[in-house]
Amino acid sequence: MEREFKPLEFEPRWAERWAAEPPFSLLQGQSGRPKYYVLEMLPYPSGTLHMGHVRNYAIGDALARFMWMRGYDVLHPMGWDSFGLPAENAAIKNNVPPRDWTLRNISHMKRQDLRFGFSYDWQREVTTCLPDYYRWNQWLFLQFYKRGLAFRKKGTVNWCPKCATVLANEQVAGGVCWRHEDTPVELRELEQWYFRTSAYAEELLRDLDGMAGWPERVRTMQRNWIGRSEGAEVDFTLRDAQGDAAAGAAIRVFTTRIDTIYGAAAVFLAPEHSLTAQLLRGAELEKARALRSTFKAGFDPSKEPEKEGLFTGAYAVNPFNGQALPIWVANFILMGYGTGAIMAVPAHDERDFDFCRKYGIAFKQVIVPAGEAARERLDAALVEDGLLVESGPFSGLPNRGPNGAIAAMTRYAEEKGFGKGTVTYRLQDWGISRQRYWGTPIPMVHCEKCGVVAVPESQLPVLLPQDVKITGSGQSPLASDASFLNTSCPQCGGAARRETDTMDTFVDSSWYFYRYVSPKADDAPFYSDDVRRWFPVDQYIGGIEHAILHLIYTRFFTKVFRDLGLVDFKEPVERLFTQGMITRHGAKMSKSKGNVVDPAELVDRYGADSARMYVLFAAPPEKDFDWNDQGVEGIHRFLARVFRLATRNGEAARRALSSREEVTAQNPVEAALLRKTHQVLARITEDFDGRWHFNTSIAAIMELTNELYASEAALQGSGHGQLVLGQTIAILVRMLAPFAPFTAQELWSEFSQESPLALESWPEFDAGLAKEEEIEIPVQVNGKLRSRLLVAPHTDEARLRELAQADEKVLAHTDGKQIVKVVVIPDKLVNIVVR
């Protein structure tokens with residue numbers, strides 16, 4: 001009997017049943033099943049799901065369900081990246097403790113996940129703000145500390161005034177805070193804790209070449225961020241404004257173009273370089289430091305603002321030619337790159353050219369492209385390779401090559417003792433200190449007698465106190481909590497104070513996917529046997545915005561884990577997929593723009609299947625797309641159409657599923673339907689195994705549904721026809737399961753199938769049934785039959801003409817003759833007229 005499509009009735013029923021009796025846990029651990037670890041990036045529990053979450057999770061859930069049906073033992077976990085600034089801001093705004101606000105949000109978002117039917121193994125749920133997780137953050141910190149990979153130093157750090165905390169370099173985008181795009185980042189001098197990511201820079205870079213399962217765009221972004229540069233460090237002697245040499249003082253500059261050093265016109269310092277404070281005082285020093293905020297670093301040179309600088313009044317002597325060069329502080333020089341000081345060669349560097357032309361600094365050309373002469377005036381920097389001119393004994397040398405100037409001049413600097421060849425990286429050590437409350441306490445104490453001392457592992461976790469006054473400004477809230485702050489030194493037993501900074505929340509997300517495999521372990525962060533069972537992650541799914549931050553940190557942690565003996569591999573993720581963004585009215589969704597689509601409202605109106613299937617149908621998953629309300633309505637109508645068809649033919653499907661009879665076509669209608677069914681099955685299987693174009697998979701299911709409607713009446717007239725109809729509908733429902741699991745499960749139960757659809761096998765593809773039937777086309781030459789072609793029905797005219805003219809029997813009658821015309825009657829005849 002045909003039933004009306006009422007997803008708001010049956011979806012909650014199945015969601016409740018799956019929550020009580022998760023069908024997927026029945027499969028996990030079955031011997032003989034190959035493993036498959038599919039993972040979506042864990043969310044920050046902001047309170048409600050947004051459409052970006054729904055798209056991310058719908059992609060991963062479709063894959064997980066497909067792999068289960070293909071016979072894999074699938075690990076598909078979920079957790080909560082639950083430390084962080086928003087919880088503190090909510091505490092200030094609403095007078096709610098961060099822990100209460102966070103756990104309440106987690107509870108709500110988990111209910112939403114369950115309502116959407118996402119197939120997560122909630123027995124493995126991880127919540128990073130709970131002590132059973134963050135104690136292992138602290139344990140790992142201590143292991144890093146023992147190996148010299150966690151250390152404390154005073155340095156210039158990025159400070160967000162609105163966050164009232166330090167930001168890592170990777171958390172500064174375009175000179176502003178990654179969370180507050182309207183807030184320029186300031187520079188401050190602070191004692192901070194760091195992880196020595198620089199120790200792994202070369203390996204992080206080198207191993208990208210073997211990561212074929214990652215998008216090239218992400219690998220390129222990481223290569224650029226790691227930023228390996230081969231060059232030389234050269235010491236310039238410092239002189240004051242009177243030309244007197246400062247005793248023993250030198251400025252070490254880094255350059256990748258030592259071949260241009262005879263063309264150096266100035267030395268540029270980063271605003272935060274230590275010499276800046278030595279050479280400038282008072283208001284001039286403040287002007288120099290303020291230069292940093294005028295330059296917004298980024299990968300897109302078109303977005304660079306005007307280059308600005310300040311002359312210090314001092315000079316530096318070029319060791320190659322003895323020329324005294326003016327020392328400037330420049331806003332585009334980064335302390336984190338090389339030494340924070342460069343030699344400016346305007347003739348051969350675009351940024352140096354712009355700066356020196358703006359400030360009237362004279363310069364000369366020292367590289368001449370092959371076949372050219374030196375130019376009297378340069379209107380732009382010459383960055384081409386060539387021969388050296390006006391470069392002392394190195395003139396005439398090509399600038400590159402084993403016998404070129406770069407190699408020769410680097411050797412000369414090493415022999416004379418004022419320079420050396422070196423490799424530098426843009427990737428800097430990761431500052432993990434945050435002056436906030438809601439994060440993992442750093443397990444160190446400060447003792448006046450013993451200095452900085454590690455908390456013994458037996459005393460972990462160092463717990464966050466519950467009752468702390470949070471103001472959002474000034475020092476860390478933990479510094480004002482005497483019960484937390486005051487402790488005894490583990491080394492001497494004397495009075496000591498705890499470290500009051502907490503860890504960057506990216507520490508939490510750098511290894512959470514290891515905890516999923518051993519979520520209940522209480523004597524280790526994870527167990528080696530579990531890691532060997534599940535790693536590497538077979539498929540990781542998340543946004544491109546995490547290409548540098550999170551994804552570099554996860555790789556760094558894995559390499560440290562390997563060196564600690566915790567794992568025996570070097571990369572954690574086999575394949576990475578970055579989904580596109582959902583926009584609305586051409587803009588990113590945001591409350592301030594009033595263009596947010598609420599997933600909860602969609603579920604209440606159309607059901608979860610319509611919402612999740614639409615985000616898979618609207619565009620290939622790696623592409624951005626603009627939201628269309630009519631699109632969800634269209635998917636809802638399509639599911640209703642499938643539902644009506646399947647329920648009114650439920651008896652036929654039941655008979656087909658219970659029958660052991662091998663179904664073959666007995667007439668053209670049956671043959672066409674079986675062919676279409678297995679062609680669609682092949683396409684969807686290939687899409688899951690390869691390109692993930694779920695939009696075309698869903699479109700193929702729509703085509704098959706149309707074919708079923710067109711064939712339904714003819715098939716219902718015979719017992720065998722009903723068997724073909726029933727089998728096709730049963731295959732259709734199983735193919736629908738990864739995309740619309742509630743609807744598919746409701747229909748499966750309609751067919752009197754008691755087992756969860758997730759436990760069923762993916763339909764088997766039959767190449768014979770999928771093969772297009774062939775028809776015979778006679779080929780004539782001047783009206784006489786010369787050959788016959790076997791082709792698929794509806795083969796187009798151009799293809800028929802091509803096949804006919806290439807046929808060997810036809811060629812025997814056309815070679816050496818002029819073809820006057822070719823007459824093609826589709827599906828009937830080809831006649832070639834020759835003379």
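Modeller: Let's start with pairing: two strands pair if DSSP finds at least two bridges between them. Strands themselves are DSSP runs of E with at least two residues, while helices are runs of H or I with at least four, and both are numbered from the N terminus. This is a predicted model, so local features need pLDDT of at least 70 and side-chain atom pairs count only at pLDDT 80 or more, whereas totals for chains, interfaces and linings use all residues. Residues are numbered from 1 along each chain as its sequence is written, and side-chain values use heavy atoms, with hydrogens and water left out.

Colleague: Happy with that. Which residue of β2 is the bridge partner of Y37?

Modeller: The partner of Y37 is L75. Strand β1 (residues 35-40) pairs with β2 over three bridges in the parallel sense.

Colleague: In what order do the strands of that open sheet come?

Modeller: The order is β2-β1-β26-β27, four strands with parallel pairing. β2 (73-75) and β27 (576-579) are the edge strands, each pairing on one side only. From one strand to the next, the twist averages 20°. For angles, axes are lines fitted to C-alpha atoms, for helices over the stretch in contact, and the angle between N-to-C directions runs from 0 to 180 degrees.

Colleague: Which strands does helix α2 touch as it packs on the sheet?

Modeller: Contact means heavy atoms within 4.5 Å. By that rule α2 (residues 51-69) touches β1, β2, β26 (539-543) and β27, and its direction makes about 170° with that of β1.

Colleague: Now an antiparallel case, please. What is the order of the open sheet that holds β21 and β24?

Modeller: Four strands run in the order β22-β21-β24-β23, with antiparallel pairing. Here the edges are β22 (451-454) and β23 (486-488), each pairing on one side only, and the twist averages 40° from strand to strand. Three bridges join β21 (residues 444-447) to β24 (residues 495-498), and four join β21 to β22. A hairpin of three residues links β21 to β22.

Colleague: How many residues lie between β31 and β32 in their hairpin?

Modeller: Two, and N782 in that turn has a positive phi of about 55°. The strands, β31 (residues 775-781) and β32 (residues 784-791), run antiparallel with seven bridges. One of the facing pairs is I775 with V791.

Colleague: On to cysteines. How many disulfides are there in the whole structure?

Modeller: A disulfide is a pair of cysteine sulfur atoms within 2.5 Å. The search finds zero.

Colleague: Is C447 buried or exposed?

Modeller: Buried means under 20% relative accessible area and exposed means over 50%, with partly exposed in between (1.4 Å probe, protein chains only). C447 has 7% relative accessibility, so C447 counts as buried. C450 has 24%, so C450 is partly exposed.

Colleague: How many residues of α18 are buried?

Modeller: In general, an α-helix has 3.6 residues a turn, so residues three or four places apart point the same way. In α18 (residues 608-617), though, nine of the 10 residues are buried, including D609, R612 and Y614.

Colleague: Which side chain makes a polar contact with that of E233?

Modeller: A polar contact is a pair of N or O atoms within 3.5 Å; within protein, one must be able to donate a hydrogen and the other to accept it, and residues adjacent in sequence count only if both atoms are side-chain atoms. For E233 the partner is R252, at 3.3 Å. E233 lies in β10 (residues 229-239) and counts as buried because its relative accessibility is 14%. Leaving out residues up to four places away in sequence, E233 also touches F254, T339 and K420, among others.

Colleague: And how many helices and strands does the chain have?

Modeller: It has 27 helices and 34 strands. Buried residues make up 54% of its 835 residues. Among contacts between residues at least 6 apart in sequence, 72% join residues at least 24 apart. The C-alpha atoms fill a box of roughly 105 × 85 × 50 Å along the principal axes.
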